[in-house]
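Let's take a walk through the aromatic side chains of this structure. Have the view open and follow along.

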Amino acid sequence: MSKKKKLRGAFVSALSLSMALSSMGAVSAQSVNDVKGHWAEQQIDSWIANGSLNGYQDGSVKPNSAITRAEFIVLVNRLFEFSETASADFKDLSPSNWAYNDVAKALKAGYVKGYSDNTFQPSSNVSRQEAASMISSVLGLDPSNSEGIKQFKDAGKIPAWSQGSIAAVIEKGIMKGYPDGTFQAQKQLTRAEAIVLIDSALNNRTVAKETLSIDTPGTYGSAQETKVVNGDVIINVAGVTLENYEIKGDLLLASGIGSGDVTIKNVKVHGTTNVEGGGENSIHFVDSVLVNVLVNKKYGTVRLVAEGTTTAQKVIVQSSAKLEENELKGEGFTDIELAKELPANARIQLNGKFDDVDVFSASVTVQLQRGSIQDVKVDATAANNTIQISAGAQVVNLVLNAISKILGASNITTVTLNSGSQNSAFDVRPSNVQGDQKGSIVVNTPSSTTTASSGESSSGGSSSGGSSGGSTGGLINQGKPTGLSSKEVTEVGHDGKITGVTSAMEYRLKGSANWTTVAGTEVTGLAAGTYEVRYAAKAGYNAGAAVEVVVEAYVAPELENQDAPTGLDSTAVTAAGNDGTITGVTDAMEYRLKDSNNAWTAVTGTEITELVAGTYEVRYAAKTGHNAGSVEEVTVAAYVAPDTTVTKMQENSDLNTGAVSFNWSSINGIGSKDKLENTNGSSYNYYSDGAYIALQLTDAEGNVLPFNDVLSEITLQTNNGTVDTIPDSNREKADFGIEGFEQYKTVLAQPIGGNSLFYGLRQSNGVAHTVGFEAGAKRTINLTVKAKESAVVGTYTITIFTAQQGTEFKSQGEALKYTVEVQAPNQDQKAPEGLNSTAVTATGNDGTITGVTDEMEYRLQGASDWTKVTAESTTITGLASGTYEVRYAAKTGYNAGSVEEVTVVAYVTE
């Protein structure tokens, strides 16, 4: 009997292609060996061996011949799998040209252009610098730094347009110079150089790896379009159908699937398919292509079903599993390896046609319930395994290298017993036994007890009462039931069952007196325990011999611990007080304020918002099979008000340092009618019974504020001394009809603590706190203030009134008003990064500095003046050689930044 699946052809590299282009034939390069001893012999032989390269009609390769632009482009397109096209409208390239489609692909990929005369010149030979430019573009290399070409003697001969690309491929080791120290940019590229160049480019190709995580049930993909994932796909929930995907990385069917179902339909997986979740009806592979499948579910049995054209080259089993092929048109599960990691007493059930089953595990049970296996090989380290072959199933070749127990041996074509397998037990002697231990076979009666730790298990059959043949008292004895299976109890506690029964049978819990008649094809609602099943007595027949079937008890899975979250961050609370955030979270997490003993709050989205200042605990929430995770503490910082300062008090004056001046005139001397006059001519008259200056602070909306909300210092200074506040003991409370003035006594006791300030301007009760004003005197009074560090940035107004003692407020003209702007101090800026330069050429003034922005300024080191970088420019041009200083220019709220020095190298002649 031949194997059903091992008609596999040799694997051909996806990069394989023929160089049978315009002038090259399709004859193997074996008849004329013109690459022997060539410097590129290894790469050329490799391409020939894997079918990537064919030679000319005479069998030669001609490695030192030139390669055309069209030939080079065809190779690049095929090897880098460029397939989309753009318009290729060149006057020397018609749509009928053999290279037209590949030129269109190269244009779409963006690594070639035409010439200025609207030609493409497909038959022109490729120069080394053109090849460097194309490969640099294909790989997305950075051409901004041309320093790498300075190592070559002929660097001065390399045109400016190709310098950056050549330097980029040199830096990556993709191209090299010649032994004489030159690069020879204009030299034609040879076929050998093209092969080595493309080989090296492929090795340097970086494909951004992505990961698709599926955490919500549903159908992903459609039959109309194939989606490509350049990375891994993780399915962590049941109820998912993944359809029409190509996965460049691995497929993980994670433990979050639990015992649920997942369908993989028309999916190609380039990496490993890892099965860590699923139940007894669980994972369906339909019309899919898999390379390696690794089964490692921590608890319970998982069932894998191959359907349609599905092919899986190898399945490595590390936990109890059931592998089935259903309505299969493809190869299905080809080779099965029962790994040494399989725990003792694990059970593997096979239904289908398999090529190879290699057993490296010990003390497990392998059941072939239907179908066939071509070759079963038990390793020398895999002792004490049981292999059960059901009626109708078949094993062609069984090779034992360790002691084993075989049930259903009559269904094996050939058994080979090698050293280490002596005394292996068989239920019947096989018809064809080979090997040096063939004489050591032990033939035993199979066990009568059946257990199933997970999934289903088959029963043997030995009597627990009565015999299996003959008759007693004229009644015929019935045989034992066969083909019975059981399913373990779950956490519910009374949902175990026995399958394979018929209504002609009866059962009881072992040790019980009464039998219960079976109804249907299974017995359900069972608690854990050992049950006896037999054929019930009927007319002419005794009750049959009983078979024991064990319904296993539920074993609660050991919950896994989860690590603490990583990558969390926070933003501080602002003046609002409850707008802090924690970022980097997921909806699998929960949080609470530390030491609050509050309930945990589930996270919604990728950040936690509206937080007050404090330390928070964040962890992964408990989920099926997992405890809640370890805690990560994240601190949301409290609001810290910015440092502030008064920057000005009135435009067009000398008051921008925080001081304001106004004039006081005494017309007739102290005790007479006096006048307060400002520079705008407004004045206030008052009489000899007392006069005061009153100050009031308002915000931009006109709200009266306590001075100590904004100011830490306030001083009135004249050319004759400081103006004192009026002592509380010398004045009664007065109300001048201005908001805040009713706080008179409080104000005087604590001047900065109220909504207004009062200052005396004359002698009062003999207390020397006044300013001396003689007749005709004129005094200048300076007001100086300093903002508090905690002041809110904004614009405020200080209003200055004059008032008479008592209740009368005298005002003639407008009050004096001065503006106070509180701003945060300037912040420093760091030095620029990512700057680079190009050397001066023979011209002498064509050096450049790159990587700049129009927020920067520069100067030659030692110069005094700075020059602003041109708007929207990224390069400073027209520079002589020398060392330049570059920094971010000063701007609103920011000082000029730190300096970065950049050297423009002088021109060096060869």
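Searching the whole structure turns up 4 aromatic pairs, where rings of Phe, Tyr and Trp (its six-membered ring) pair if their centres lie within 6.5 Å, and planes under 30 degrees apart count as stacked, over 60 as edge-to-face and the rest as tilted. One of them joins Phe-80 and Phe-82, a stacked pair with 6.1 Å centre to centre and 15° between the planes. This is a predicted model, in which local features need pLDDT of at least 70 and side-chain atom pairs count only at pLDDT 80 or more, while totals for chains, interfaces and linings use all residues. Residues are numbered from 1 along each chain as its sequence is written, and side-chain values use heavy atoms, leaving out hydrogens and water.

Phe-80 is buried, because its relative accessibility is 7% (buried means under 20% relative accessible area, exposed over 50%, partly exposed in between, with a 1.4 Å probe and protein chains only). Phe-82, at 24%, counts as partly exposed. Ring pairs also bring in Tyr-111, linking Phe-80, Phe-82 and Tyr-111 into a cluster.

Now turn to Phe-152 and Phe-183, which are both buried. Their ring centres are 5.3 Å apart and their planes stand at 50°, so this pair is tilted.

Finally, look for charges over rings, meaning NZ of Lys or CZ of Arg within 6 Å of the ring centre and within 35 degrees of the ring normal. Arg-534 lies over the face of Trp-515, 3.8 Å from the ring centre. Over the ring of Tyr-894 you will find the charged end of Lys-891, at 5.0 Å from the ring's centre.
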